[in-house]
Amino acid sequence: MDMYISILIGVVVVFAIYFYSLYAGIIQNKNNALEALSGIDVQLRKRYDLIPNVLTIAKKFMEHEQELFEKITQLRTQASNAPLGSKEKFQAEGALDTQLKALMVNVENYPALKSDATMIQAMQTYNEVEENIAAARRFYNSSIKVLRNSVEIFPGCLFAACAGKALELEFFETDVESKKPINASQYL
Amino acid sequence: MTNNYKDIQKKVFSSEFTKFCQKNIVRSLKDLEKKRKAYINCIIGVIALGIIANFAYFYFIYANQIPFQIEAIAISIAFIVLVSNIIIKSYKSEAKKFVLPKLISYIGNFKIVDKNNVKDEIEQYVQSLNLIDSFNRFYCDDCLEGEYKGVNLNVYELDLKYTTGSGKHRRTYCIFDGLFIKFKSFKKFSGRTVIKRDEGLSMKKHGNVVLEDPEFEKYFNVDGTDQIEARYLLTPAFMNRLVELKKRPIGRGITMSFEHGYVNIAVDSRKEWFTVPFLKEVCILQGWYKKKDWFEISISKPVTDITNYREIVLDLLSIFSIIDVLKMDQNIGI
């Protein structure tokens, strides 16, 4: 009898350890996803800080682009105020991304601005920041994938609730605008 | 392969290179050719001496005792191999001193650095990296410094070993034997990202950075102090290039790290005798491996033979191809 009880206790302990490690793994994945999300935010902050500087330099030379400047300013405010990880934030960021790219393309039409030392530096920093944002998004997507796998595959799905609101986080996808085919002739 | 690498490769097999060698190398190496012949005669002498000594041992001392005969053969073979090796090595190092500076001047703005001046500095630097496992014996052979397509390169030929115990329990393991390349990166980074080969010994991935490219993940493990920085450095395009490099002979034993503001590349030139994973590892660790000798001049070929020099230039080109394939010379952001 004692032996059966010992075996039963052993089996229970093994299961308890297994389920605890499963639970701990999900919590770890959830925290990784949140860390990745805040990583994007850190990089986006850099972009928000950079935008006013770029606009100040560009305004001196690009007097006819007021509409674009206003749009960028508005989208910057919208994106920075949107809650972290929300769909609105991702959408605003995507739109801001498109407008900033348009600004950088328009810079090409202003040779004086293009050769301005502060603008060159600002553009280099912009490229650096954009690359970091792209890297942060890749880390975020990878963390979300790991988290989703861990809570969607049995028996992880039994502990899905532990992941809480992190489960509502979406994969980052590029905006519709950037998926459209490019008409190269307008840049030539 | 980039066009540029192909162009240089064509150049090496062109008549222009032959003329260059004839004019700048072959003519000035008449004394070396004499020495080469003298070295070969020496080797023949050593072999003859070994054989004569063996015969003498057989017929005059232990004529009818089989175990002693085997012992005698083994001793004379060991003697011949040891002495011949010393002679060959001394010829090679002498020839290299003459030839290498002239050959690298053909490739570009490169110079040979005295290893005694930089040895300690390199040892400390390599020791501080997470790229190569810890070692306590450091050997440095050729040291080259120069510029290739605007990238300031340092190339060192290293042999790193780890010795444990003493006396009978002394064991020496080979940690690394190959080329170590160091250069500044266009991208700024403050953390550490190490890309090691996935040896396939364990089912579990060792690196803490898991990347999206399945082919890259098949070949490499990435460890980093910063997940975002690792992805900033290892863009999808860069991962593709690293996989492409891995498929080439020079990339077979490649590991890489972004540390201390430099890109550090270790090209292990040890080639295992076995392909079975466990045996392969054991043999390499024990030092039973085939080794590629970099920038070596063969004693069996006369100094007038251009193929000697062609191989050295191709060795150098294969190193430069790493820069070409990884596009490290271009600030393209990927």
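The legends below describe close-up views of a predicted model.

**View 1**
Chain A holds six helices and zero strands, and from the N terminus on its elements run α-α-α-α-α-α. Of the 188 residues in chain A, 39% are buried. On the surface, Met3(A), Tyr4(A), Ile7(A), Val11(A) and Phe15(A) form a nonpolar patch, and together these residues have about 550 Å² of accessible area. Phe15(A) belongs to helix α1 of chain A, which covers residues 2-61, and this residue counts as partly exposed because its relative accessibility is 46%, a value that falls between the limits of 20% and 50%.

**View 1. Leu84(A) and Asp41(A) in chain A.**
Leu84(A) is placed in the loop between α2 (66-81) and α3 (87-107) of chain A. Although Leu84(A) and Asp41(A) are 43 residues apart along the chain, their C-alpha atoms are separated by 7.4 Å. With a relative accessibility of 41%, Leu84(A) counts as partly exposed.

The peptide bond that runs from Phe154(A) to Pro155(A) is cis, and its omega is near 5°. Pro155(A) is found in the loop between α5 and α6 of chain A, where α6 covers residues 176-179.

**View 2. Salt bridges within chain A and between the chains.**
Side chains of opposite charge can pair when their charged atoms come close. Over all chains, the count comes to 16 salt bridges. One network of salt bridges links Arg47(A), Glu93(A), Asp97(A), Lys101(A) and Glu130(A). Glu131(A) forms a salt bridge with Lys187(B), and the closest N and O atoms of this pair are 3.3 Å apart. This pair crosses between chains, with Glu131(A) in helix α5 (residues 117-152) of chain A and Lys187(B) in the loop between β4 (171-184) and β5 (193-197) of chain B. Lys187(B) counts as buried because its relative accessibility is 13%, and buried means under 20%.

**View 3. Salt bridges within chain B.**
Glu33(B) and Arg36(B) form a salt bridge in which the closest N and O atoms are 3.0 Å apart. Both residues lie in helix α3 (residues 30-61) of chain B, where Glu33(B) and Arg36(B) are three residues apart, about one turn of the helix. Glu33(B) and Arg36(B) are both buried. In another salt bridge, the side chains of Asp159(B) and Lys161(B) meet at 2.9 Å, N to O. Asp159(B) counts as buried at 17% relative accessibility, and Lys161(B) is likewise buried, with a relative accessible area of 17%.

**View 4. The patch of positive charge on chain B.**
Lys23(B), Arg27(B), Lys30(B) and Lys34(B) gather on the surface in a patch of positive charge. Among them, Lys23(B) lies in helix α2 of chain B, which covers residues 15-25. Lys23(B) is exposed, with a relative accessible area of 57%, and this value meets the rule that exposed residues have over 50%.

**View 5. Aromatic pairs in chain B.**
Over all chains, a search of the whole structure finds 13 aromatic pairs. In the pair of Tyr39(B) and Tyr91(B), the ring centres are 5.8 Å apart and the planes stand at 70°, so the pair is edge-to-face. The two tyrosines link distant parts of the chain, with Tyr39(B) in helix α3 of chain B and Tyr91(B) in helix α4 (residues 66-107) of chain B, 52 residues apart. Tyr39(B) counts as buried at 18% relative accessibility, while Tyr91(B) is buried with a relative accessible area of 0%. Ring pairs also link Tyr125(B), Tyr156(B), Phe180(B) and Tyr262(B) into a cluster.

**View 6. The backbone at His260(B).**
His260(B) is not a glycine, yet this residue has a positive phi of about 50°. The residue lies in the loop between β7 (254-259) and β8 (262-268) of chain B. His260(B) is partly exposed, with a relative accessible area of 46%.

Terms used. Residues are numbered from 1 along each chain as its sequence is written. Chains are lettered from A and ligands numbered from 1 in the order in which they are written. This is a predicted model: local features need pLDDT of at least 70, side-chain atom pairs count only at pLDDT 80 or more; totals for chains, interfaces and linings use all residues. Side-chain values use heavy atoms; hydrogens and water are left out. Patches are made of residues with over 30% relative accessible area and no salt bridge: like charges are joined within 9 Å, nonpolar side chains (Val, Leu, Ile, Met, Phe, Trp, Tyr) within 5 Å. Accessible areas come from the Shrake-Rupley method with a 1.4 Å probe; for residues, only the protein chains shown count as cover. A salt bridge is a side-chain nitrogen of Lys or Arg within 4 Å of a carboxyl oxygen of Asp or Glu. Lys and Arg count as positive and Asp and Glu as negative; His and the chain ends are not counted. The place of a charge is taken as NZ of Lys, CZ of Arg, CG of Asp or CD of Glu. Helices (H or I, at least four residues) and strands (E, at least two) are DSSP runs, numbered from the N terminus. Buried means under 20% relative accessible area, exposed over 50%, partly exposed in between (1.4 Å probe, protein chains only). Rings of Phe, Tyr and Trp (its six-membered ring) pair if their centres lie within 6.5 Å; planes under 30 degrees apart count as stacked, over 60 as edge-to-face and the rest as tilted.
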